[in-house]
Amino acid sequence: GQLSECGGDGELEAGDSPLPRSSSTSDITQKLSDTFPAALEELFRLISSPAELDYPVEGHNTYTRPQPREKSESVSSETSNGYLNDADSSLLAWQAFEEEFSHSVFLSLSYLSLALSGLVDSSECLTDDVSIIAGGSLTGWHADSAFVLWRRILGILGDVNSIRCPRIHAKVFRYLYDLWHKLAKIRDNLGISVDNQSSPPRPVFIPPLRMLASWLFKATMLPAEFKTGKLQAYKLICEMMTKNQDVLPNSDFLVHLYQVMHKGFTSEDQDVLNTVIRSCSPRFFYLGLPGFTMLVGDFITAAARILSHDTSEAPRIDAQTVLGSLVCFPNLYLQIPLLQTVPGTNDIVVGNEDIKDYLVNILLKTARNEPCEAARCIAVCSLGLWVCEELMQNNIHHQVKDAINVLGVTLKFGNKAVAHVACDLFQLLISHWEHLQRLERSLPKKIIEIFVATIAFLLPSAEHSAVEADKKLMVSLLLCLLDWCMAMPLSMLLEPITMPVLEDPTSRKAPLLDYIYRVLHCCVSGSNLHTQQSHYLLSLSDLSTDYDPFLMLGQVKNSEPQPSHTSADFGNLLTVAEEKKRRNMELIPLTARMIMTHLVNHLGHHPLSGGPALLHSLVSENHDNPFVESSELSSEVFKSPNLQLFVFNDSTLVSYLQVPSEPSGPGEPYDNSSQVRVIVRDISGKYSWDGGVLYRTQEGRSNPPGWDSQSGCDEEEEEEVDGLDQLLENLGYSSPECLPQPRLRLNQPAPSPCGMNLEQEGAIMEAILRQTQQEEEQVKRWNADVSVKATVQREPSHQEPKALFYFCRLLLNDLGMNSWDHRYRLEEYLTESLCVCLNSRETHKIAVFYIGEGQEDKCSILSNSAGSQAYEDFVSGLGWEVDLATHCGFMGGLQRNGSTGHTAPYYATSTVEVILHVSTRMPSNSDDCLTKKLRHLGNDEVHIVWSEHSRDYRRGIIPTDFGDVLIIVYPMKNHMFFIQIMKKPQVPFFGPLFNGAIVTGTLLPSLVRATCINASRAVKSRLTLYQSFYEERALYLEAIVQNHREVMTFEDFASQVFSPSTSYYPMSGTGQESYSAPPLPTLLHSSTPVSPVSRSLSPHTHTLMNIKGGRAKLSPHCLGSSIKDFPMAQQLSQALLLVSPCSVSSHPLLCFYLPLSFN
């Protein structure tokens, strides 16, 4: 019989197919015989009548074809008994013929399908007329007639499910599986650009990929003897329905499909279940077929059944991927319809159940007990994605805390790859810390406590371990702890810890920040430093009662064993391995030291007023230096007589530069005073401070620069006011009982004394006034007499210091650095090498492509100047737009002149900078612009591809040797997004997104950005001797100290500080005299936070800070000779003033002391 049309009608109905049927095939047969003679001859030989064929014979007897059996019968039992009669031997001969027949037919059909595919794009198909078989007038070989002939030849096979031999049945279905894949490859190759310069139009003719559906559906209903064929049928059904559908299937087809898949999901045969889950990827959800949500419950149940079986052939990774792709569905579809089988019957009903709890419980279980490493990583990522999804809801699920508990325990898991994934998820949760507070106010602080306790728990084993993964995990935990501390408000870190079991009452009052510094100090100095002190470090047992730090986790079997290298394997690279081992041993202390420095400098100070792109000072030794003409930092600067460079504690470079002071106010000219500029370079970055000398407090100064003062006129008005008169008058109003007479005010003249009249009183007053006048006249006569005058004592004239390094030397002396005791901590260094610009943050550059509908080539993709609204919203969520002409952060190779665009999305924290090379932001109006755009985009290691094309993105469209990781985003019909991740084999696993994940638009930008950062880190981790930004900076500083330190005696050191370069000193009468100035009262102000090294200059010092008008102004008191006026002069004279310029913005004047202590 002919092949049933079920499934094919969906492709050909409603005028969709341009290939109507026709019975005229003579011209087709003739053309086919001319083109494929061998294949046609073999095919017609096989489809001729049985009487014309040579049947297999036994002796001289021939036999006719036996009657077909019922489909429920099987021949396997008969042949397995070993008893063969005549009928049985005839059956075996017939089976051999069927096998040869099916194989030959398949080969012929394969030849036909491949040959016909070559005719689809022929020029004959583009004619206006159609062939005779389609009702036209054209004769010859055409695509429509070829299709009809091919389909009719395929129909000659009849119903392949009537084959009685299970082995032949399975073989036929394997042939059909291969045939379908050839058709699928033909479809994939249609409409592809040949030259990658332009996209061809959508193909008119496409292979009928669902033509075999009726055979496949029927095969799933066969008895158990046909298991192999059934598995092939299930596999082909799943792959067929996870491929992009050119024509949407009709409702009848979907009814059969969902019923077959439901039977497969609920099958008792584990092999059927494995086949369906392995072949039906989350792309099934991405296609969004009508009613597909009815199978969501079946997918979850089937995946859970697979994960509950500990067998080697179980598709655990595929099952876990299916579960992870569904974590966002329960919140989108509040009541998902589920197909349910009525117990005891074959009837199927549709029910509505809340599957969120069911799914979450499975995720919690698999994240704890999954034995496969790759599947466990996906399970942990899925759990993290679900937590983020729930935190965005109005009603947060109660099991979010259980999920955080599982993630927290996973941080100390023995498998470092899984633990690293959990750490990355906590990194992701930093952006949701405010949502965590909605669930429980102290939850963010508890997460920090978990990190502190976990680091203290892992430190003893990690610091002595020779395994690189142990070191890298500790570094990831430390860096994640740093990011959590920087994201939290400082007030939260200063709160006492939430642990209720501490025995020491004094430790209970210690803030969380104290425990953070303690564990960092132990990472630097060693875990054995404070092991004898009770509760010095936070332990896992000290954590709060609602967190279980000892939750049991199942073991993981490593999917790939770690390669073991011997010395012979390395050969000449043995030194590289030794160097890598040496760096790993120093990695944990170095990371902890960088974090401590970072916290001291930036905790509570980030972002600065200049924005998050500015983290450190941009000032160098050549700026504002009158002895340097170059605008760039060069070796010329080291010859300046007003500059000295020092090494502090063998870890910090300090430059002292004396420069002209700034104007007192806007628009005012420079005065003749000088100020000291201190530039500090350490492992965390570069910091610059300008300072001057102050001799009096603000109250004791008159008209200080930049401070408001009253004019002389106002002062005279204040002197004319009689304070006593005002006081007496106010007392009369406020306390009338004090009045001697009710109507007489206290400031009015009193009445005449008793017994004195007015005339007597007037005579007395006249005598007093006359006497006063006579005394004043006598004083005037004495003033006119020179003989009675004393010599006037004049104020000494001001003496300007001539030395160009005078104020720098004064500051060094006040800080105690010129003394013999501190000599070993501060040494001078000379270097002619340039201070190169080193990154003080981790940097990443990521390419972003937009692919519109129908774009299949490089030129059309790169020519896009804009995208859809959903794409623009996505890009805006990746980072904020920055103007490249004025951007002071990481540029990633982009130019400021507009040749690579005027703006770009940029994202930064205090530890990470990300610049996105967006294809639609770069100019594309010429071939040169396209070449430059491709150079920038193609050289990035991580690519984001937003594809709105109906076909999957192919890696070769954008030709590049880079692009180690591709993260492809496909918008779905339900406003969710399907994620496909392609990566090179050597790139290790990274999260939080995984291949096959499906997320909502709300979470998409943050998840993609976090995944790109982790992907970039994974790619860089494979580089030989790769160094992080702080490792590179530490090595650079170490090289300068070792190679350019100048060894000298204390006398030479003091002489050099006193007179850096005598040849530059101005003589009397030179123009340089205006540069040096006396220590006038000025204010020290900063543009960036100061380095913590400066905090360690003198023990137990105090700092007085004055802040006015939102600008920080620091006042080093008692740095001159007026020490006698202040009781704390000896302590304040050695203070180094520390403050962030953005820490105060609303108070007009704040004065407070900062007690500083250090080691």
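Let's start with a charged pair: Arg841 and Glu913 form a salt bridge, with their closest N and O atoms 3.4 Å apart (a salt bridge is a side-chain nitrogen of Lys or Arg within 4 Å of a carboxyl oxygen of Asp or Glu). Arg841 sits in the loop between strand S7 (826-828) and S8, while Glu913 is in strand S11, so the pair ties together parts that are 72 residues apart in sequence. This is a predicted model, so local features need pLDDT of at least 70 and side-chain atom pairs count only at pLDDT 80 or more, while totals for chains, interfaces and linings use all residues. Residues are numbered from 1 along each chain as its sequence is written, and side-chain values use heavy atoms, with hydrogens and water left out.

**Salt bridges**

- Both Arg841 and Glu913 are buried (buried means under 20% relative accessible area, exposed over 50%, and partly exposed in between, using a 1.4 Å probe and protein chains only).
- Glu856 and Arg951 also meet through their side chains in a salt bridge, at 3.6 Å from N to O. This pair links distant parts of the chain: Glu856 is in the loop between S8 and helix H32 (858-862), and Arg951 is in the loop between S12 and S13, 95 residues apart.
- Glu856 is buried at a relative accessible area of 3%, and Arg951 counts as buried at 14%.
- Salt bridges with shared partners join Lys401, Glu440, Lys446 and Asp546 into one network.
- Where do Glu468 and Lys472 sit relative to one another in helix H22? They are 4 residues apart in H22 (residues 468-487), so about one helical turn separates them. (Helices are DSSP runs of H or I with at least four residues, strands are runs of E with at least two, and both are numbered from the N terminus.)
- An α-helix has 3.6 residues a turn, so residues three or four places apart point the same way.
- The side chains of Glu468 and Lys472 meet in a salt bridge of 3.0 Å, N to O. Glu468 is partly exposed at 27% relative accessibility, and Lys472 is partly exposed at 33%.
- Across the whole structure, a search finds 29 salt bridges.

**The eight-strand sheet**

- An open sheet of 8 strands runs in the order S9-S10-S11-S8-S12-S13-S14-S15, with mixed pairing (two strands pair if DSSP finds at least two bridges between them).
- Strand S9 (880-883) and strand S15 (998-1000) stand at the edges with a single partner strand each, so one side of each has no neighbour in the sheet.
- From one strand to the next, the twist averages 30° (axes are lines fitted to C-alpha atoms, for helices over the stretch in contact, and angles run from 0 to 180 degrees between N-to-C directions).
- Strand S8 (residues 842-851) is mostly covered, with 9 of its 10 residues buried.
- S8 runs parallel to strand S11 (residues 912-918), and 7 bridges join them. Here Ala847 stands opposite His917.
- S8 also runs parallel to strand S12 (residues 942-947), through 6 bridges. Val848 stands opposite Ile944 in S12.
- Strand S13 (residues 965-971) and strand S14 (residues 976-983) pair in the antiparallel sense over 7 bridges, and Tyr970 stands opposite Phe978 in S14.

**A hairpin**

- S5 and S6 form a hairpin with 2 residues between them.
- Strand S5 (residues 674-682) pairs with S6 in the antiparallel sense over 7 bridges, and Val676 stands opposite Gly691 in S6.
- Is strand S6 (residues 685-691) mostly covered or uncovered? It is mostly covered: 7 of its 7 residues are buried.
- Both faces of S6 are covered, with Gly685, Tyr687, Trp689 and Gly691 on one side and Lys686, Ser688 and Asp690 on the other.

- Helix H13 (residues 296-308) has 13 residues and reaches 18 Å from its first C-alpha to its last, close to the expected 18 Å (the expected span is 1.5 Å times one less than the number of residues).
- Buried residues of H13 include Phe299, Ile300, Ile306 and Leu307.
- Helix H36 (residues 1029-1044) has 16 residues and reaches 22 Å from first C-alpha to last, close to the 22 Å expected.
- Among the buried residues of H36 are Phe1029, Tyr1030, Leu1037 and Val1041.
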